[in-house]
Amino acid sequence: MDIPEIRHYVGQHLNKAALIAAVAVCKSWNATFTPFLYSTIHWQTTSQTRKDTERLEIFRKHANYVRNMTLECRSITESDFNAPDQFTRLEGVDLDFAMMSFTRFWEWTATFLIQNPRLNNLKLCFEDRYRMDPIPSG
């Protein structure tokens with residue numbers, strides 16, 4: 001017996017390791033559990049490596065499932081994260097950029113905000129000295 005509603009309910013309660021195992025079972029399980037696997041992403045890097053680039057590409061591929069995102073990047077450039085329009089269903093974002101080298105950061109941020117009308121929690125941090133607390137909802 002395979003009831004999608006039961007899989008959906010179970011998916012809400014699985015941890016990341018269990019979700020990773022579940023998406024590998026079969027196509028229908030992959031379709032059910034992938035949104036849960038990518039609903040919250042955390043990307044932390046101190047330097048750009050091939051592994052970081054591959055991980056970011058995976059996040060971009062599944063961007064339509066991402067609801068909450070935390071980026072802690074100690075060295076990131078505009079070209080490393082140049083497509084805010086791929087993440088359009090975000091509800092919460094925590095961005096921590098130290099040593100940021102965006103030349104058009106505020107333009108990028110404005111586009112990011114416009115593309116995410118459901119966003120109700122935004123936290124920006126720049127080198128720990130300049131912290132902007134969450135924006136009020138409403």
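One aromatic pair is counted in this predicted model, where rings of Phe, Tyr and Trp (its six-membered ring) pair if their centres lie within 6.5 Å, with planes under 30 degrees apart counted as stacked, over 60 as edge-to-face and the rest as tilted. The pair is edge-to-face because the ring centres of Trp-29 and Phe-33 are 5.6 Å apart and their planes stand at 70°. Trp-29 and Phe-33 are four residues apart in helix α3, and therefore separated by about one helical turn. The model is predicted, local features need pLDDT of at least 70, side-chain atom pairs count only at pLDDT 80 or more, and totals for chains, interfaces and linings use all residues. Residues are numbered from 1 along each chain as its sequence is written, and side-chain values use heavy atoms, with hydrogens and water left out.

Helices (H or I, at least four residues) and strands (E, at least two) are DSSP runs, numbered from the N terminus. The axes of α1 (residues 4–11) and α3 (residues 27–37) come within 9 Å and cross at roughly 30°; axes are lines fitted to C-alpha atoms, for helices over the stretch in contact, and angles run from 0 to 180 degrees between N-to-C directions. In the contact (heavy atoms within 4.5 Å), α1 contributes Arg-7, His-8 and Gly-11, while α3 contributes Ser-28, Trp-29, Thr-32, Phe-33 and Phe-36.

The largest pocket holds about 210 Å³ of space. A pocket is an open set of points on a 1 Å grid over the protein atoms alone, where a 1.4 Å probe fits, with protein on both sides within 12 Å along at least five of seven lines; lining residues have an atom within 4 Å of a point. Its volume is the space filled by probe spheres set on the points, which are joined across faces, edges and corners. Among the lining residues are Lys-16, Tyr-38, His-42, Arg-55 and Phe-59.
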